[in-house]
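Trainee: I'm new to this structure and would like a close look at a single part. Could you walk me through the aromatic rings and what sits around them?

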Amino acid sequence: MSLRPFAALLSSLLLLLSACRREPQPSSPEYQQATRQFRELYAQKLDEAYLDPKMGPIEAQLQRVPQDSLDAPSAQELLQRIQRERTRMQAEVAARQKAVASAREIPPGAPSTTLAPPPPPPPAEPVDAGPPDAGPINGPQVGSPASELVAGFRGCFKRGTPIDVEGRGIRDAWEMTDSTACRLEYPGHVGTVLLTEQGRVLMLLPKSSVTTVTRTLDAGTTPPAATDAGR
């Protein structure tokens, strides 16, 4: 009986055992570089790093890790983590954008939140300027020429009894004639006495302020009554 078949089978078994005992490849430099870049990027941006464009070169480095390297399983695990977290972050960003867009939209029939313009300020209260101006007073006034009392003012003024003005002496006096036409023409001079001095009207006095005083000159002689103004 030939032993060749047994020898061939034994040789095959030895080759198979040799292949099973082959040492794996040492640590991959691509994996080491990729993990270092990943840690640095994640430390800067945390979960936002999964959406950063720099994550693309890191994935490319992980894909170049040899399959027989000791780091091959870890490289695949990191690749899956990056892809999974990127999908999650993209979904969160889309949800935030949708929420912002929905908040800006006003649904049909919803009440408007536009604020109405503020009401105008109330009008300023008018300044009290006193009683309305009655216009210029008609008739002679202080400073009017005494000559106008003679023939002017429609002849409504006549000479009266001179009046002794305290501190000034006796001054000519004028008063309005008792006429209905004159009272209607010069209502402001009704019951008024006009005193003149140096050819002009000195003052206008109410008749009620003029008092009549009787003075005795001598030996019981009583002169006509004289009026006194200013006491």
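Mentor: Here is a walk through the ring pairs and a loop residue.

First, this is a predicted model, where local features need pLDDT of at least 70, side-chain atom pairs count only at pLDDT 80 or more, and totals for chains, interfaces and linings use all residues. Residues are numbered from 1 along each chain as its sequence is written, and side-chain values use heavy atoms, with hydrogens and water left out.

Searching the whole structure turns up six aromatic pairs (rings of Phe, Tyr and Trp, the latter by its six-membered ring, with centres within 6.5 Å; planes under 30 degrees apart are stacked, over 60 edge-to-face, the rest tilted). One of them is Phe38 with Tyr50: the centres are 6.3 Å apart and the planes at 50°, so this pair is tilted. Phe38 belongs to helix H2 and Tyr50 to the loop between H2 and H3, so the pair ties together parts twelve residues apart in sequence (helices are DSSP runs of H or I, at least four residues, numbered from the N terminus). Phe38 and Tyr50 are both buried, meaning under 20% relative accessible area with a 1.4 Å probe, protein chains only.

Ring pairs also bring in Tyr42, making a cluster of Phe38, Tyr42 and Tyr50. Over the ring of Tyr42 sits the charged end of Arg81, 5.9 Å from the ring centre (the cut-offs: NZ of Lys or CZ of Arg within 6 Å of the centre and within 35 degrees of the ring normal).

Back in the loop between helix H2 (29-45) and helix H3 (55-63) you'll find Asp52. Asp52 counts as buried because its relative accessibility is 11%. Setting aside neighbours within four places in sequence, Asp52 is in contact with Leu41 and Lys45 (heavy atoms within 4.5 Å).

Note on methods:
Helix = DSSP H or I, 4+ residues; strand = E, 2+ residues; numbered from the N terminus. Buried < 20%, exposed > 50% of the residue type's maximum accessible area, 1.4 Å probe, protein only.
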